Structures are given as structure tokens and as C-alpha cells.
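Open the model in your viewer and keep the selection panel at hand. We will go stop by stop.

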Amino acid sequence: MSHATQDTAVRTGRIARTFIYLVLLLFALFYLLPFFVMLANSLKPLSEITGGNMMALPQDWTIAPWLSAWSTAQIGVEPTGLRPYFLNSILMVVPAVAISTVIGALNGYILTKWRFRGDTVIFGLMLFSCFIPFQIVLIPMARMLGLMGLAGSTPGLVLVHVVYGIGFGTLYFRNYYAAFPTELVRAAQIDGAGFFQIFWRIMLPVSGPIAVVNIIWQFTNIWNDFLFGASFADLDSMPMTVALNNLVNSSTGVKEYNVHFAGAILAALPTLLVYIVAGRYFVRGLMAGSVKG
Amino acid sequence: MKRASKLMGTVALGLLTAVSAQAEDVEVLHWWTSGGEAAALNVLKEDLQGQDIGWNDMPVAGGGGEAAMTTLRARVTAGNPPTAVQMLGFDIQDWAAEGALGNLNDVAAAEGWDAVVPAALQAFAKYDGNWISAPVNVHSTNWVWANKAVLDELGLGVPSTWEEFVAAMQAAKDAGKVGLAHGGQAWQEATMFDGVVLSAGGPDFYKKAFIDLDPEALGSDTMVEAFKRMETLRSYVDDNFSGRDWNLASAMVINGEAAFQIMGDWAKGEFLNAGKVPDQDFLCFRVPGSEGVVTFNSDQFAMFNVSEEGAKAAQAAMAASIMAPSFQSAFNVVKGSVPARTDVPQDDFDACGKKGMDQLAEAAANGTLLGSMAHGHANRAGVKNAIYDVVTAHFNGEFSAEEAAEELVNAVETAM
Amino acid sequence: MTDLRTRFQDWLPRLVLSPSLAAVLVFVYGFIAFTLYLSFTDSRMLPSYDWVGLENYSKLWGLRHWHTAIANLGIFALLYITICTAIGLTLAIFLDQKIRGEGLLRPIYLYPMALSFIVTGTAWKWFLDPGIGLEHTMHLWGWESFEFGWIKDRDMAIYTVVIAAVWQSSGFVMAMFLAGLRGIDNEILKAAQIDGASNWNLYRRIVIPLLRPAFLSAFVILSHLAVKSYDLVIALTGGGPGRATELPATFMYSYTFTRNSMGIGAASAVIMLMTIAAIMTPYLYAELKDKG
């Protein structure tokens, strides 16, 4: 797909290439192993699993667990499956990722190309903010959301995720833009380009790979967040992870492992889609083009 | 409902405004999300809908209600509490002490709760003499589940003393089976410990140690004996026990791979789900040596403070529906537990359910209905978890029985 | 006129940056201050404002499994960060060699991040369980002497947590390095090659130093993940066998919410943050200074 635009200067011999492919495939195998366990078990009837055959392929193939996880499994008092919660999650995750990517890009741009006294300290403060344990955030954040009238709503959740995404977004973009030649920005400035013009015309076009990294990171974290979703959502903004957790984590009920695995894979599909779609923008050559142009 | 909950938020902030038209809904925070549990709760929902009371579902599962309790704290702090919340044991009392719970005295008086709910349950459902929550069920933890075919094959009956129980596990082990199916998680070990302490010391000792937290009892020779019995149990558990879910341990008994499992009555659901019939395929009996005593935990619905009359009426209606004998029967038949009131007809219950109901009534009358340590009905969460730490460390071989008893005294003291 | 415009342009960056800074100050540093305050109070189920001085701290250090949690974090963080960085960098460099099927391999390396560990933990738990997983399968295949029971072993269980954690996030580290590699100007590499540098030297002397900002990102991300590892432990070992795989994050959650000892939970959070600050500040200072 994206190889046409790739251009690497490094040349490798045949033996080295075989070795490289071998290593890459071995790791692919390592990454896929647990997925095999999940997929195989999601296609078995429950009795086969509790019968002790967790590692084997199904003897009786069935897609019933998938159907159940999607539309009939018990999430609360009503057997709705995971289906209704997807929309809640998407309504939360899309604005949150978009906003925090824009903020991250702007911050990174400012901290590398518009330096001012004290900017390193500000960056340090933002960086260290990544480490705040979410457990201590919960209670004061609930109070703040209550005061702002955002408790139990999707905008409230978006706010929380954007706030705690600032640190990482800034980190990625700053470290990426740091390698970008500042002379180009200065030259554009002399040509009379303003702050936003430079950002738009010069920085954004080269930001593909790092935007991918940031989107993957934010999307994954926000999509998979449970603690904030469970604490700050209401019944009509409850995200998918809370639903998945309800499906999986019953304490004294019968555990339907096959449905759990099917549900987990279903819940991960949007993220996987983002990886594949966004991955296309991992192309080499953007940078060189911009430098020449 | 969103409007209603926002409203409650504003009220909590001290800005009193107009009454919402949708106030007659209840928002229910609970963690009953697995098939049977949720289906059982649906009975309640439909009952309320029949009375024109809407049900706004807010399920948060995980950790036996721990996740839901975290959610609850965030909701209350935000000034947006749910109307009714599923709660266990001391959590109810703690929230009542914060002044966050409403008063159910009127319903309780009208429906005569005082007469039918065992005193041991009332200790949790009342605060300062006022009813604050409606108990749904009573689970009990000192049960043993056995595969009848395995026992028959080995020529064993139901063991009636600890020694017979040990001999039966030995016989199973000799026959190449696993004596005791067990999942190595702290709460599962603590669940066994409930029954084992009773078998070693009897109800009075249990009360002294776990409810009164008497350091002398906690460090006594009887406690050492209880830990030694845990070591005996440990020797009949297979090598791969640690981290195993309790469901998979039950599956080992169901499949005939293991002879016994010590687990609360929710385990029955796994047996029934696998198409097994009580007394024919599997047996349920009390941990040998603990007969006559029932260690319980009880799920209740606590009602949070609301100011509007409409919402109060909805809460009262919900509480009344929960305590209705028809709901108590319908719910508990599905859940595997027994009703929280002792006058519910037994017709719909299976053999184990009937046995549980009789024993509950008997224990309630004799004063041997005791709160389960493992499930937070003997002491507060801090102490419970401190005991967990010692029990699980000992079971995993970190302490000898003597050291464990000593450590137990320290751990409880620190946590108090 | 131009003067005003220039002055506005001068202030614009700071203006754009200020909402982020304000949010971080309130929602991060404000909350940290609040936690610091709570750690000196007798807060249990909900925050309370009764001052108890250092009592929570002395209780905390008296708890055996707080010590276990700290020691575990040391082992875990060290191994996890090193292994993830090594694997991530290797895969990124290999994947940058015009690999056929990169579009297929990349999502395979990345997908573990997408799965919620609530469920993946069960798959790993089974896979690592000697009775049903890898060991059992090897025995079935005829390798009778194969043994792999770390997850059941008090001293080894923490390493299984490392394996699962590396599995989950090394793919993302790969993506970070790949973005860095793809951001390097090819002209530099070509020039070096014309000078006759071997591939090995090319990477060691030129590429890896150019990736320094990516290393910083990777280090911050990985140490953050190590410190916050919670789901992983809960799903994989539940902190067991016994309490052998307890980490500070599980400890903190358990004391703040499960055990209703918010004061002790807050104290442990403060200690954690202080430790992180002590480790990160010198590193960040060195990293940021020579660019400034």
C-alpha cells in the first residue's frame, strides 16, 4: 500500500533480509498467540472450555457467542449486548482524540518553534503530569464536574480525557518537531507568514507519522478507559468498556468465557480499524518533499 | 432522567428549583450483570413498571461490587447520587453514617419488616433504629459442593465431622482425583476460612475472633488449629490452583475431576447451568463441623436521600416490591441464594434451596446466623482485607500456622 | 500598525499555550496538592479534613505488602522498560527495510494495545497456567520434561506480568520509533553511505542518535505505563499468589477504594509521585537542558 512512497537509503544483503523476515515473523507469532487463544475459545460452546480444552481448536464450531456478545448478552437488567454502547463510546472518543491531537500539535509547535523564557519548565510540568495516578483524580474530578454541571455527560468525559491527554500529545509532537529544521520556520516568518499560517502550511504536512502515533495512543487509551467511564458517565453516556466489564466481571454469576472473548474482540474492532487506516500515513518521504519544496 | 439527576445535583448544591416531571423514576446502581442475576433483577424492574415507575439502569460490575462502590463515591461527590444502590454489609452503615441515606420506616412499618427479617440482617439494614435499606437475599458461605458420582464410586457418604471430611478427600486423592477443587484468590481462601474457623472453634469463637476482633481469640490455639486445617485443605488441592476462577474450580467438581469444593451458594448456579440436579448429580452440605451455623452475606438496596415527594414515593414502592414474598422467591430461585425474609413459601426452590432456607430460619432462631468475614459482614472493609492478606499468605506457604495467628493479631490491630 | 501586529504575533504562541497550562495546573497539580493534604487527614470512605499528621505515612511503611509492591515495581519497571525499548527499536528498524507486508505486520504488532486487558488477562492466565496452557500443550506434544509454572510461583510470578506487559505495549514503542525513523531526512543517510559507512555504523552513529527524542518519548510512556500497571496485574494474577505480584497502583486503588482507607491511599500516591519526580527530574533536566 504505502511502499511506493517509501525510500530508504539502507541496502541489505539476502542473508540479512532472510534473517530480518524471520525475526519479524517470529514476533508476529508471539503477538498473535493470545489472540489465537481468544479467537479459538470464542468459537466454542462453553462446555468445551470448562471441560478443560482451552488451548485446542473448537470441536464444535459455533458463532453463537459472537451473536450473544453483540446483541443479546446481559449487560444490565436488559439483554442488549454490547451494541448500544458503541455509539456512546464513539461520541466520546472522536471529539476527544481530535481535540487532544490539535492541542498536542499546537503545543509541540509552540514549544519548539516559538521558544520563550520558561518554556522548558512548562514542558517539564506537562510531561510530569502524565504520571498522575488516576486513582487520586477521581474524587476531586467528580467534584469539579459537578460544579461545572458536566457530571454524568459525554462532554464531561471528553473534557476529562482531553485534559489528561495534554501531556502525551505535547510530548509526542514536541519531540517530533524538535528534529524539524527551525530555519524553515524562520524563513517563512521573514516571508511574512503568521503563526497559524506556518503551522498550517509547513508543520501539519510533515506531521503524518507522529499524528498517527498520537491518534493511536489517545484513541486506545480513551476507548479502553474504564475508571473514568464508570465514574463520570450516566446511563445514557456509558461507554463500551463499562459494558464490556459488566459482561465479563460478574462476581457470583456463571462465567461465559466464550462470550467474554467474543465481546473483547468486538470491543477492540474500532481501535484495530484505526490502526490499519491510520497506519497508511506512516509514509517516508513527506519530510524530504517538504524540505525540497 | 438526565434532567432529574442534574436536578438532584443542583439541589445538592443548594439551589432549589422546580420539580421535574420525570421524578417518578428510580436510577439503580448495581453489579448484577451476569445472565441469571440480571434476569432476576428484571423481575423487579417489570414489577415497578407495572406501577408506572421507570427504571434507569446503571450497572457497574467488578470485584464483587468494589467497582460500583467507587462509582458511587464519584457520583455522590459530584452531587449526582443514584436513587437506589445495591450494597453489602458495612458499606450501608458507612453511608448511613455520612447521612447520605433516606428513611424507609413508613414502608417497613406498613409491611411489617421487623417481624420477618432476621435480626442479624436488621443489624445492617437499620441505622440508629431506622430502616435504611431493603435486603434482597441471603447468601451463605459455609457450603461444600460435592460430585455425587465420585462419592458413590469411592463408597463415601456425606462426611459429618472434620475427620471424615479429611478422610474423604484422602480417598479421592488415592483414587487419582483432586480432593478439593479450589481457586487461589484471596477471597476464595477467605471463604474457606469462614467454614474452617467455625469447624475448629464453633460459633462463639467465630464471633469473638471475627466480629468482636478479640486479640486473644485471634491469636489463640484454636486459631492456630484453624490455620492447621487450612494447611490440611491445602494438601488436597492440585498444584495449579493459584489464580484460578472459582467457576473453573466448580467445573472440576462438575466434571468429576475433583470431589469437593468449599464455596458460597452462588456455586449452585454453575451446577444447574451444566444441567446437574441437586441430590442426584451433586450434593450440598455445610462444612463438616459447622452444621447449625450459617455465615451469611446479604445484598441490599439502600435508598439515597431525595427531597421530592415523587421520588420518595418511587423509592418506597421499590423497597416494598423488593420485600414482597413473590419477588423474594422469584429472585432467589434464580440467584441460588435464599430469601431475606423467613416467611417465603419454599415451593419453587430446589433441594439445596430448601435446605438453605430451613437452616437460615433455624440459625436465625438460635442466634447462630453470623456475618461472613470473607464477604464483609463481620467487619469493615479495612479489617476484612487485612485478614485476607494473612489468610492468603499462609495458604501460599509464607507463614506457619503459629506465625499466621500471630500475624493475624497484628494485621487486624493495624487496620482497626 | 506593523508594530502592533508583531507584538500580537509575539504573544499569540503564549496565548495558545495558556489554556493547556491552566488545565494542567488545576487538574493535575491542584489535585496533587489536594492528595497531599488528604494524606495528612484521617479520610476513610470519603475525604475528611481532620488532621492526623504523619500517621498515615507511618502506617504505610509498617505494611508488609507496601514493601512488596515497591520492590515489585523496581523489578517490573526495569525489565519492562528495557525489553520493550529493545524489541520496539529492533522491530522498527527491521520494518523500515522496505518490508513486504509491512501493512499487515504493523497492525499485528500493535493490536495487543487495542484489547482491553480485562479479558486478555484471562487468555494469558490460561496460556501461562501449567495445567491447561503452554506446559500442558508441550506435554501433549511429547515434550514431557517441559516446565513453565512461573505464574504459580511466588518468586517468579512477577516475571509473567513482565511478559504480558511487554506483549501489550512493545508494538506501540515500535510505532514510536518507526515514526522517528520515517522523520529522518534520507539525504543524511545517503551522504553517510557515500562516505562508506556500514549499515551497523550507520545506525549506531547516525540513526540512533537522531532518534534521541523518540527515546525520550518511549521512556516517559513506558515508565508511565509501568507505574500505572493495574488492569494487567488484576486480570493476570489478581496480585497473587498470595500478595506476591502487588504493585503500587493496585495497592493505591485497594487502600483508597476497597479498604476505605483514603488517607493511606493518598500517602502511597504521594510517595509514588515523589519517587517518580526523583527519578524523572534529573533525566528530564539532562535531556532538555542541552537543547535549550
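In which sense do β6(B) and strand β13 (residues 299-303) of chain B pair, and over how many bridges? Select both strands: the pairing is antiparallel, over 3 bridges. Two strands count as paired if DSSP finds at least two bridges between them. Now pick P135(B); Q300(B) in β13(B) stands opposite.

A note on the ground rules. This is a predicted model: local features need pLDDT of at least 70, side-chain atom pairs count only at pLDDT 80 or more, and totals for chains, interfaces and linings use all residues. Residues are numbered from 1 along each chain as its sequence is written, while chains are lettered from A and ligands numbered from 1 in the order in which they are written.

**The sheet in chain B**

Strands (E, at least two residues) and helices (H or I, at least four) are DSSP runs, numbered from the N terminus.

Angles run from 0 to 180 degrees between N-to-C directions; axes are lines fitted to C-alpha atoms, for helices over the stretch in contact.

**Chain A**

Colour by secondary structure: chain A has 15 helices and 0 strands. Its C-alpha trace spans about 70 × 65 × 25 Å along the principal axes.

Select helix α4 (residues 83-113) and helix α11 (residues 208-224) of chain A. They pack at an angle of about 145°, with their axes 9 Å apart. Show side chains: residues of α4(A), including M92(A), V93(A) and G104(A), meet residues of α11(A), among them I215(A), F219(A) and W223(A). Here a contact is two C-beta atoms, placed from the backbone, within 7 Å.

**Where chains A and C meet**

Last stop: the contact takes 89 residues from chain C and 86 residues from chain A. Helix α1 (residues 2-38) of chain C gives the largest share of the chain C side, 16 residues.
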